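Please go through the structure shown here. The report below covers its ion pairs, helix packing, domains and backbone details.

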Amino acid sequence: MVIRRVLAPRIDFGAVRRELDLPETFPPAARREADEAAAAPPRPAADRTDVPFVTVDPAGSRDLDQAMHLARRPGGGFRVTYAIADVAAHVRPGGALEEETWRRGQTVYLPDGNVPLHPENLSEGAASLLPDVDRAAVVWTIDLDADGGTVAVHVERALVRSRAQLDYVGVQSDADAGRLPEPIALLPEVGALLTARGLRRGAINLPLPEQDVEPVGDGWRLVLRGPVPMEEHNAQISLLTGMAAADLMLAGRVGLLRTMPAPRPEAVQRLRAAAAPLGVHWPDGAGPGVVLAGLDPSQPRAAAFVDQAAELMRGAAYTAFDGTVPEQPEHGGVAAAYAHVTAPLRRLADRYATEVCLALHDGREVPDWARTALPKLPEAMAATDRTASAATRGAIELAEAVLLAQRVGEVFDAAVLDVDAPPSPRARPGRQPGGTVALDEPPVRARCSGDLPLGERIRVRLVTADPTTRAVAFERA
């Protein structure tokens, strides 16, 4: 794991909130419905409180969507029991709270506090899978064979009780020390099996370090954090459940998928052409996912290759269907049909896709409130995805600009992640060549002008750092 932190002074992220018109409060009617739901939480008939679930999330999280338990099956293979917060049991169809969640679409995370999809007394209280309290959940039980292949899927509403709230860093430390708690002791084994199956299918995962802004004392720090292995294993359980959900909906010919075209052959060819100059070995017959899985993105040339690979992951969307299966139902990154069902506290679409899965599994009609929502969800989710991405990008750009504002003219060490394509014959005369560089310290990515050698280390001079416009730019020194 790579963690780099640089302290920044006080930053007002209010400008980002105002620019994106993010809501500050919930309407009174929506708040009343949330209060009523929190005061009288649902208690499903099925009781799975005997299963010792645990949650694994970033440290300090309160909106806990998922809890898991892993076990070996007596005849061989594994049983994955995955509890997902039953948000639909707390939100009345047609009510003021449902209407407000459609306006928001998803939880938007900012350094100075999130803008939640649901009021906090639900998202961080009565509906969250917090430890040592009974909670309504949708429980997925997925049986796997010894190679990680799915052999049976069961989904039901049930009462659950998480035994512990774990975080990625602590879980990774436990895994390294060989002392993982029993409910997730098998996670490294199961996660590795699922990852291997994905790579054989042609799945692609971009191992990009996450850039974030965290509060510290009276200021903020800019953080670059690489994912720990246990985080990747945890993600495989969510992917497994999303694929099971997609299969249910495709078999029932109604639902909502997360889709993305397979990588275009010409994009794969361009990436393959970039491998040798960057010192990346591409074995004969290997797909791009296999090549990417073997890289260390903390190394400049590997990081540049990963940045180039982002071109493969284009065109993600939500695809609704009812009666006719989509012509292209798969997600190119997963290399299988896939659906979002594991984060309903934070993402609107999951609530409706989950309700479809429950109905199809039970052999009953999909409720009208869920079915009629399906065709409207792709547009709603596309809009909220744009807002969430803009919020994340705006917060990081602001932190970078504030952090560097007093350092214009200084020279820094950097790695070249991307370079501009050669200009076309019709390009404007005098166009400045350039690309994207990643500084060693502070952990900043920004535009740099000059003749840049892809994947190489260079020295760059800061020429712009404007907090007002959130602009940061360098030139080759």
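Glu-100 pairs with Arg-103 in a salt bridge, with 2.9 Å between the closest N and O atoms. This is a predicted model. Both Glu-100 and Arg-103 belong to helix H3. They sit three residues apart, about one turn of the helix. Across the whole structure, the search finds 33 salt bridges.

**Helix packing**

Helix H3 also packs against another helix, H11. Two helix pairs are set out below.

| Helix pair | Axes come within | Crossing angle |
|---|---|---|
| H3 (residues 96-104) and H11 (residues 348-362) | 9 Å | roughly 120 degrees |
| H5 (residues 168-177) and H7 (residues 229-252) | 8 Å | roughly 105 degrees |

Take H3 and H11 to begin with. Their axes cross at roughly 120 degrees, so H3 is oblique to H11. On the H3 side, the contact is made by Glu-98, Thr-101 and Trp-102. H11 contributes Leu-348, Arg-351 and Tyr-352. By class, this contact has three nonpolar, one polar and two charged residues.

Now H5 and H7. The axes of H5 and H7 cross at roughly 105 degrees, so H5 is roughly perpendicular to H7. Tyr-168, Val-171, Gln-172 and Ala-175 are the H5 residues in this contact. They meet Pro-229, Met-230, Glu-231 and Asn-234 of H7. Here the classes are five nonpolar, two polar and one charged.

**Domains**

How is the chain divided? Domain 1 covers 6-256 + 341-388, domain 2 covers 266-308, and domain 3 covers 406-476.

The centres of domain 1 and domain 3, taken over C-alpha atoms, are 37 Å apart. The two domains do touch: six residues of domain 1 are in contact with six residues of domain 3. The size of an interface is often given as the accessible area lost when the parts come together. Between domain 1 and domain 3, about 500 Å² is buried. Carbon and sulfur atoms account for 59% of that area.

How many salt bridges are counted between domain 1 and domain 3? The count is one. Arg-470 forms a salt bridge with Glu-19. Their closest N and O atoms are 3.1 Å apart.

**Backbone details**

Two loop residues deserve a look. Asp-21 lies in the loop between helix H1 (14-19) and helix H2 (28-39). Its phi is positive, about 55 degrees, although Asp-21 is not a glycine.

The other is Pro-442. A cis peptide bond joins Glu-441 to Pro-442, with omega at about -5 degrees. Pro-442 is placed in the loop between strand E14 (434-439) and strand E15 (445-449).

Definitions and conventions: Residues numbered from 1 in each chain as written. Predicted model: local features only at pLDDT ≥ 70, side-chain atom pairs only at ≥ 80, totals over all residues. Heavy atoms only, no water. Axes fitted to C-alpha atoms, helices over the stretch in contact; angles between N-to-C directions. Helix = DSSP H or I, 4+ residues; strand = E, 2+ residues; numbered from the N terminus. Parallel < 35°, antiparallel > 145°, perpendicular 65-115°, else oblique. Contact = heavy atoms within 4.5 Å. Nonpolar A, V, L, I, M, F, W, Y, C, P; charged D, E, K, R; others polar. Domains from an automatic or database assignment. Buried area = accessible area lost by both parts, 1.4 Å probe. Salt bridge = Lys/Arg side-chain N within 4 Å of Asp/Glu carboxyl O.
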